[in-house]
Amino acid sequence: MNPADFETAAAIVQHQLTEALPRFGTITVKFVTPTLQIRTQAPQETEAIVRSLLTALSDCREALFRLPIQTVTLYGMQGDRNILWKRSMSLETALDLKAKRADADPFSFSNRSLNQFALPIAFLSAGIAHWTGLDSLLLGVRIWIHEVGHATVAWFYGHQATPLPFGWTNVNPDRSIIVYLCFATLWGLLGWVGWKEGKRVSVGIAALAIVLQMALTWFSKPDDFELWLAFGGVGGEFVLSTALIVAFYIPLPDRWRWDFWRYPTVVLAASTFLNSFSFWHQIKRGTAEIPWGTLLNGSGDAGGDMNQLSDFGWSDRHIIDVYVSLGNGCLWVLIGVYIFRLFNRGMSKKISQFRN
């Protein structure tokens with residue numbers, strides 16, 4: 001790299017640090033081979049200040065990898081020349097401090113122990129509750145997720161829907177421009193805030209949701225809506241519970257943070273997923289029956305989800321195969337996400353060491 005490239009990379013780091021830490025004022029970053037110098041207006045060297053700087057610095061990896069850095073030096077300045085404090089460390093140490101502190105933070109999304117044990121513990125707890133019958137206490141949660149599954153389909157198709165916790169979802173049969181605009185605004189806000197804070201997963205979720213909602217609201221057939229609305233109840237038990245479990249690993253934008261609430265959520269979602277997964281595999285083996293009818297009016301209600309799917313031409317075997325396949329697919333998604341999160345930190349560290 002030539003000096004101009006070094007200056008460009010340093011300028012990028014300077015901009016990202018200044019944006020991430022506005023309370024420190026303008027941060028000056030210079031690269032003097034082999035040291036990255038970071039000068040701030042922080043008056044004192046405290047662990048909180050150093051931790052904030054190193055945390056923000058860890059988010060600048062892409063620009064840092066352009067520079068042959070060996071050491072990082074932090075300065076607290078008064079004016080342009082008066083140095084109040086100074087701390088130096090290797091780049092590897094600087095970037096790994098964030099990881100070490102994350103491992104000590106029970107609410108960190110980068111905590112290695114959580115990434116290793118949270119999902120197995122959640123499913124182990126769900127399994128014990130399921131096979132001892134204690135998960136009957138969580139029936140209300142499963143019903144709620146089932147109804148939100150119906151409502152989610154309705155919302156993506158542009159219909160007003162209200163999921164009720166006693167086994168019923170009110171759905172307006174007419175599309176609503178207000179519903180479409182409200183959810184489009186919500187997804188747009190998520191994408192904008194995610195982009196601003198560098199949360200790429202949030203941006204991806206928002207972009208996918210906007211495209212899917214537009215396609216389903218304006219380019220779908222009415223019969224398709226009725227079919228997927230009926231499908232969405234049990235489908236939601238699989239898909240929504242899987243999404244909630246996966247979301248345990250996703251750091252949302254700051255104003256949407258749910259650091260604590262993701263713990264009870266992942267346990268409840270795991271219980272819902274395991275219960276539905278086990279139930280439909282029992283149906284496939286012939287030890288349980290397809291749940292005809294509705295919760296409110298019993299098995300004789302022709303308006304039940306499975307009854308409606310049958311009216312659309314789905315055979316009993318097709319209904320079973322689709323839901324079992326959906327459950328298996330969601331299980332593989334969970335396994336894949338778990339393996340990725342389990343090894344992602346270690347791979348990132350090896351890449352960092354290799355590039356340095």
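Here is a working chat about a predicted model of a single chain.

Colleague: Hi! Before we zoom in, how many helices and strands does the chain have?

Modeller: Hello! In this predicted model, the chain has 12 helices and six strands. Its C-alpha trace spans about 85 × 45 × 35 Å along the principal axes.

Colleague: And what share of the residues counts as buried?

Modeller: That would be 43% of the 356 residues. On contacts, taking those with a separation of 6 or more, 64% are between residues 24 or more positions apart.

Colleague: Nice. Let's look at H9 and H10. At what angle do their axes cross?

Modeller: Roughly 145°, and the axes come within 8 Å. H9 covers residues 222-247 and H10 covers residues 262-285.

Colleague: Left-handed or right-handed?

Modeller: The crossing of H9 past H10 is left-handed.

Colleague: Which residues of H9 meet H10 there?

Modeller: On the H9 side they are Val234, Glu237, Phe238, Ser241, Thr242, Leu244 and Ile245. Their partners in H10 include Phe273, Phe277 and Trp280, along with Thr265 and Ser276. Sorted by class, this contact has 10 nonpolar, five polar and one charged residues.

Colleague: How far does H10 reach from its first C-alpha to its last?

Modeller: H10 reaches 34 Å with 24 residues, close to the 34 Å expected at 1.5 Å a residue. After the helix comes Gly286, with a positive phi near 90°.

Colleague: I was also wondering about Ser278 in H10. Buried or exposed?

Modeller: Ser278 counts as buried, because its relative accessibility is 15% and the cut-off for buried is under 20%. Its side chain makes a polar contact of 3.3 Å with the side chain of His130.

Colleague: Speaking of histidines, where does His146 lie?

Modeller: His146 is in helix H6, and His150 is found in that helix too. The side chains of His146 and His150 are joined by a polar contact of 3.2 Å.

Colleague: What are the relative accessible areas, for His146 and for His150?

Modeller: His146 has 14% and is buried, and His150 is buried with 7%.

Colleague: What does His146 touch, leaving out residues up to four places away in sequence?

Modeller: His146 touches Gly232, Gly233, Val234, Glu237 and Asp305.

Colleague: Switching to H7: how many residues does it have?

Modeller: H7 has 20 residues, running over 177-196. Its reach from first C-alpha to last is 28 Å, close to the 28 Å expected at 1.5 Å a residue.

Colleague: Which of its residues are buried?

Modeller: Val179, Tyr180, Trp187, Leu190, Gly191, Val193 and Gly194 are the buried residues of H7. They pack against helix H6 (139-156), strand E5 (159-164) and helix H8 (200-219).

Colleague: What happens at the start of H7, and just after it?

Modeller: At the start, a side-chain oxygen of Ser176 reaches to within 3.3 Å of the backbone nitrogen of Ile178. Just after H7, Gly198 takes a positive phi of about 75°.

Colleague: Why does Gly194 count as buried?

Modeller: Gly194 is buried because its relative accessible area is 0%, where buried means under 20%. Apart from residues up to four places away in sequence, Gly194 touches Lys199, Ser202, Val203 and Pro253. The C-alpha atoms of Gly194 and Pro163 are separated by 28 Å, and these residues are 31 apart along the chain.

Colleague: Last one from me: which peptide bond is cis at Pro34?

Modeller: The bond from Thr33 to Pro34 is cis, with omega near 0°. Pro34 lies in the loop between strand E1 (28-32) and strand E2 (35-40).

Methods:
Residues numbered from 1 in each chain as written. Predicted model: local features only at pLDDT ≥ 70, side-chain atom pairs only at ≥ 80, totals over all residues. Heavy atoms only, no water. Axes fitted to C-alpha atoms, helices over the stretch in contact; angles between N-to-C directions. Helix = DSSP H or I, 4+ residues; strand = E, 2+ residues; numbered from the N terminus. Left-handed = near helix turned anticlockwise from the far one by under 90°. Contact = heavy atoms within 4.5 Å. Nonpolar A, V, L, I, M, F, W, Y, C, P; charged D, E, K, R; others polar. Expected span 1.5 Å × (residues − 1). Buried < 20%, exposed > 50% of the residue type's maximum accessible area, 1.4 Å probe, protein only. Polar contact = N/O pair within 3.5 Å; in protein donor to acceptor, adjacent residues only side chain to side chain.
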